[in-house]
Amino acid sequence: MTSGFDAFSLGLFTSLAPAGVVAFLALALVRLWSHDHAASVRIDRMIACPFSVVLVGFIASATHLGTPANALHVFSGIGRSPLSNEVLSAVAFLFLVGSYWMMAFKERFPDAVAKPWLALACLAGVALIACTSMAYGVDTVPTWDTPYTPANLVLAALLAGPVLGLLFLELARVRPRALECALVVLAGLALVAGTAVLALHQGSLGGIANNEFSASTLAPYYPTAIGVHLAVGAVALALAGLSLKRVQSRRTTLALRVAAGVLVLLAVFVTRIVFYHLHMTVGF
């Protein structure tokens, strides 16, 4: 099994980074189709928020390497190691988004440059989610090497990311009604599907064992964590839905979205912690 610290740091990364990417995609979608220069400038400034969310998660995951020197070994496996591909995709995304954000402060930053750059960053973000979701396909860890693992991570990103996207859109003072409603609906669907996949994963653990114990004994509180995930996620989405009202103060809307963002990340983090406590090799 992983140590508590490993579970915390990796759980933080897989909760924050994919969610930050989806929130960035929401901002980027508005920016790519915007014809309002003032709104585009505000979105460009606000891109620092999803960038920071992903960066915090990445820094947390780096503590899992033990020492900074081990980062060099991670990059040596690019192309053949899922972990190396994950790290490379994270670095590429952070580089593209961070450099875009800094360039956006230039007095002249034409859309002919900004939009292709932003589109490339979006592709890097999609690659990051894909690589992160596939990083746990390890034959020797049967509790992780299941179809539920990538599905759980992608659905968690689609749950937390849209809610964070709503918050960042409000901070940018951009309120595209159709997109906001679509983000809440997407998060709601992800919560339902994600809870179902988590339950299926928990149910599959009874059939996984090594020469010492059954996988189901590693996290007897998994059903409780799934219940917390569903309940807290539902409250977060209710708050996000209430924030869509137009007949309320901006302060109220912002407070609702901040609370929704915190709660939805908590809902995801609870199950990510359990996932890392399910580490079990085939031999021991």
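1. I would start with the span of residues 254-278, which is 96% helix and 0% strand and has its end C-alpha atoms 37 Å apart. UniProt, in an unreviewed entry, lists this span as a "transmembrane region", along with others including residues 12-34, 150-169 and 221-242. Residues 12-34 likewise come out as 96% helix and 0% strand, with 33 Å between the end C-alpha atoms.

2. As to confidence, please keep in mind that this is a predicted model. The mean pLDDT of the protein is 88, and 90% of the residues score at least 70.

3. Helix 9 (residues 222-242) and helix 10 (residues 250-277) have axes that come within 8 Å and cross at roughly 165 degrees. An angle over 145 degrees counts as roughly antiparallel, and helix 9 and helix 10 are therefore roughly antiparallel to each other. Helix 9 passes helix 10 in a left-handed crossing. On the helix 9 side the contact includes Tyr222, His229, Gly233 and Leu239, and these and others meet residues of helix 10, among them Leu256, Leu263, Thr271 and Val274. By residue class, this contact divides into 19 nonpolar, three polar and no charged residues.

4. Helix 10 also packs with helix 7 (residues 148-171), at an angle of about 165 degrees and with the axes 9 Å apart. Helix 7 and helix 10 are therefore roughly antiparallel to each other, and their crossing is left-handed. From helix 7 the contact draws on residues including Asn152, Leu159, Val163 and Glu170, while helix 10 contributes, among others, Arg250, Arg257, Gly261, Arg272 and Phe275. The residues of this contact divide into 16 nonpolar, four polar and four charged.

5. A further pair is helix 5 (residues 82-103) and helix 6 (residues 111-133), whose axes come within 8 Å and cross at roughly 155 degrees. That angle makes helix 5 roughly antiparallel to helix 6, and helix 5 passes helix 6 in a left-handed crossing. The contact includes Pro82, Glu86, Phe93 and Tyr100 of helix 5, together with residues of helix 6, among them Trp117, Leu120, Gly125 and Cys131.

6. One point of backbone geometry deserves a look when you go through the loops. Most residues other than glycine have a negative phi. Arginine 173, although not a glycine, has a positive phi of about 60 degrees. Arginine 173 is placed in the loop between helix 7 and helix 8 (177-204).

Definitions and conventions: Residues numbered from 1 in each chain as written. Predicted model: local features only at pLDDT ≥ 70, side-chain atom pairs only at ≥ 80, totals over all residues. Heavy atoms only, no water. pLDDT = per-residue confidence, 0-100. Axes fitted to C-alpha atoms, helices over the stretch in contact; angles between N-to-C directions. Helix = DSSP H or I, 4+ residues; strand = E, 2+ residues; numbered from the N terminus. Parallel < 35°, antiparallel > 145°, perpendicular 65-115°, else oblique. Left-handed = near helix turned anticlockwise from the far one by under 90°. Contact = heavy atoms within 4.5 Å. Nonpolar A, V, L, I, M, F, W, Y, C, P; charged D, E, K, R; others polar. UniProt positions renumbered as here; feature names shortened; annotations may be inferred.
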